[in-house]
Amino acid sequence: MSEAVYPVPAHIAASATITAEKAAVMRAAVQQDPDAFWRQEARRLDWITPFTRVNDSNFNEADFAISWFSDGQLNVSANCLDRHLETRGDQAAIIWEGDNPAESRVITYRQLHEEVCRFANVLKDQGVRRGDRVTIYLPMIPEAAFAMLACTRIGAIHSIVFGGFSPDSLASRIRDCDSRLVITADEGLRGGKSVPLKANVDAALDHCASVEKVIVVQRTGGAVKMVEGRDLFYAPLRDAASVDCPYEAMGAEDPLFILYTSGSTGTPKGVLHTTGGYLLWASLTHDYVFDYKPGEVYWCTADIGWVTGHSYVVYGPLANGATTLMFEGVPNYPDHSRFWQVCDKWNVAIFYTAPTALRALMREGDDYVKSSSRKSLRILGSVGEPINPEAWEWYHRVVGEDRCPIVDTWWQTETGGILIAPLPGATALKPGSATQPLFGVEPVLVDAEGKVLEGATDGNLCIAQSWPGQMRTVYNDHDRFFQTYFSTYPGYYFTGDGCRRDADGYYWITGRVDDVINVSGHRMGTAEVESALVAHAKVAEAAVVGMPHAIKGQGIYAYVTLNAGEEGDNALRKELVAWVRREIGPIATPDVIQFAPGLPKTRSGKIMRRILRKIAEGDVSSLGDTSTLADPSVVDHLIADSRLVN
Ligand code: PRX
């Protein structure tokens with residue numbers, strides 16, 4: 001790990017909202033009287049009914065609860081739109097940059113308000129009511145933000161499914177939350193290629209009884225099949241809809257959205273976030289961590305299908321009256337300078353992306369970066385996976401020309417927003433470290449037995465106290481929520497991450513300690529890939545582990561045992577890769593498939609994944625004790641064969 005330390009640059013400290021002095025005062029305040037601190041911070045939102053209760057959370061099983069501001073009422077779209085109209089109605093709310101560099105749109109707060117009201121009225125006309133679930137399967141087009149905010153305006157709960165997921169994945173997410181309505185587009189457009197979104201919805205709906213209506217936004221104008229009585233094009237509905245739509249008064253603890261994410265076992269969980277605490281957290285962290293200044297153009301490159309797109313493309317920036325850039329395309333189209341061209345085109349001040357994109361661009365050489373000016377850039381951000389110091393240094397030196405602090409932000413779908421990150425005006429940086437917890441966040445490192453570890457140490461990362469943005473439940477499965485996050489280390493929220501704390505109290509996330517892998521910053525459960533593989537007629541058994549990957553951070557390594565009589569050859573490898581892509585989506589593409597006549601199992605039949613991980617890493621010198629295996633010779637075969645596939 002890098003030992004370099006980058007102090008806060010003087011020009012950043014001079015104008016920062018949170019200076020080192022202010023941060024110290026705030027840390028002391030939240031420690032001394034947390035409720036008073038949060039009562040004060042919550043004033044950044046507009047409340048319809050002020051809350052009197054603050055934090056009623058408890059992580060212990062006997063009186064388990066997570067609840068913030070529970071008797072307050074507010075509306076998310078009113079906070080993101082209505083309250084800005086007077087002061088910044090004509091300011092750009094969303095700058096949309098198309099996949100094709102010749103296409104863009106600038107949408108002011110006034111226009112956004114109008115579009116959201118129209119969309120909300122369309123939803124109401126189609127029978128959507130407060131508390132109903134709406135599935136959004138859209139590309140990165142402004143209508144995605146309109147649709148999200150429209151749901152919040154009328155109290156409907158949105159569930160966004162990333163456009164890269166397959167019809168099967170979409171169907172299971174629609175079924176799990178019983179959506180009545182799906183919003184999609186004819187096609188998406190990424191890197192000049194179209195993505196058949198509506199056709200995927202059609203295939204998914206063969207297996208979903210709950211869906212009554214499908215609204216189709218026409219993005220490309222490509223031909224789609226429209227089912228009579230079910231499918232409706234958006235444009236005519238929008239044109240006919242009123243621009244007037246009063247917002248609903250929602251309880252702070254009313255559900256805001258569901259977002260499915262992978263866990264170490266079973267099917268993806270519907271992470272549920274609620275209204276007040278989530279919006280406060282998204283707004284506060286966007287303001288403090290990015291040191292956002294009014295008028296600046298802020299760009300988070302995430303897709304709205306992921307939590308980063310929810311909190312840091314839409315809700316955080318819009319709650320703060322910021323100008324948020326929404327990008328439809330990919331970093332390497334038309335060429336590898338696209339990110340930096342877009343920064344120059346729109347004078348982007350704050351740029352937030354994932355290490356996987358940086359590593360891919362770094363490999364293409366500095367000229368693509370240097371062909372742009374980037375003089376508008378002030379703050380750089382990183383999210384989704386550990387950033388290796390080499391990529392960090394490149395980001396800092398080449399992209400930011402040594403003048404832009406990098407905020408490495410650690411958080412999760414479950415946390416709603418950033419929990420550990422530097423404050424650019426207050427925190428010295430160490431490449432590869434997410435540095436220190438935000439106000440009120442109490443990280444704890446524990447050993448395998450749950451013993452709390454002090455000082456400089458390695459351990460499993462837990463959080464000791466609730467924070468407003470915390471998820472409230474797994475949709476329809478509160479027991480699974482408790483079991484997954486609060487039963488491993490009683491009294492603590494367990495993140496699933498391993499972490500090191502250094503002598504300065506800086507946190508270094510080392511990666512997942514469970515069976516979740518992080519591929520290009522996207523979460524994938526090994527169990528999901530395994531069940532896709534065993535659904536193939538020729539596969540008897542499969543075990544999937546993560547492997548180091550130079551660009552993606554982690555790749556997917558699958559050990560596959562075939563049914564008797566089947567031949568494992570390259571043709572079948574290709575077939576299985578295509579199969580998994582079709583079952584789950586391209587993000588689950590296995591990087592390596594190793595046919596394995598046997599898997600290392602204990603005598604009780606449990607697969608020893610530790611051994612499989614080591615072989616996938618190519619680190620066979622330290623396999624540990626293999627004597628408890630039912631058949632230790634399996635390991636030698638696996639090692640010999642792994643040399644053939646790698
Ligand atoms: O392992 C951590 C990693 O991503 C996981 C959360 O994934 P997801 O819920 O998809 O949310 C991604 C966007 C917040 C974490 O458990 N992770 C996220 N950010 C970082 C990170 N690992 C290291 N450093 C980070 N900055």
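**Close-up views of a predicted model**

View 1. Gln470 is buried, with a relative accessible area of 1%, in a model that is predicted. This residue is found in the loop between strand 21 (457–463) and strand 22 (473–474), where its side chain makes a polar contact of 2.7 Å with the side chain of Ser466. When neighbours within four places in sequence are left aside, the residues in contact with Gln470 are Phe59, Ile66, His273, Glu414, Thr415, Phe486 and Tyr493.

View 2. Strand 21 and strand 23 (residues 493–501) run antiparallel and are joined by six bridges, and here Ile463 stands opposite Tyr493 of strand 23. Tyr493 is also one of the residues in contact with Gln470.

**View 3. Strand 19 and its partners.** Strand 19 (residues 443–446) is covered on both faces, with Pro443 and Leu445 buried on one side and Val444 and Val446 buried on the other. In a regular strand the side chains alternate between the two faces of the sheet. Four bridges connect strand 19 with strand 21, the two running antiparallel, while two bridges connect strand 19 with strand 20, again in an antiparallel arrangement. Leu445 has Leu461 as its bridge partner in strand 21, and Leu445 also stands opposite Leu453 in strand 20. In the hairpin of strand 19 and strand 20, five residues lie between the strands, and Gly450 takes a positive phi near 95 degrees.

**View 4. Gln412, a position within an annotated binding site.** The "binding site" annotation in the unreviewed UniProt entry covers several residues, including Gln412, Asp497, Arg512 and Arg523. Gln412 lies in the loop between strand 18 (406–409) and strand 19, and with a relative accessible area of 6% it is buried. Not counting residues up to four places away in sequence, Gln412 touches Val307, Tyr493, Thr495, Asp497, Arg512 and Arg523, and a polar contact of 2.7 Å joins its side chain to that of Tyr493.

View 5. Because its relative accessibility is 14%, and buried means under 20%, Arg523 counts as buried. Its side chain is joined to the side chain of Thr261 by a polar contact of 3.3 Å. Beyond residues up to four places away in sequence, Arg523 touches several others, among them Ser262, Gln412, Thr413, Glu414 and Arg512.

Definitions and conventions. Residues are numbered from 1 along each chain as its sequence is written. This is a predicted model: local features need pLDDT of at least 70, side-chain atom pairs count only at pLDDT 80 or more; totals for chains, interfaces and linings use all residues. Side-chain values use heavy atoms; hydrogens and water are left out. Buried means under 20% relative accessible area, exposed over 50%, partly exposed in between (1.4 Å probe, protein chains only). A polar contact is a pair of N or O atoms within 3.5 Å; within protein, one must be able to donate a hydrogen and the other to accept it, and residues adjacent in sequence count only if both atoms are side-chain atoms. Contact means heavy atoms within 4.5 Å. Two strands pair if DSSP finds at least two bridges between them. UniProt positions are given in the numbering used here, feature names are shortened, and annotations may be inferred rather than shown by experiment.
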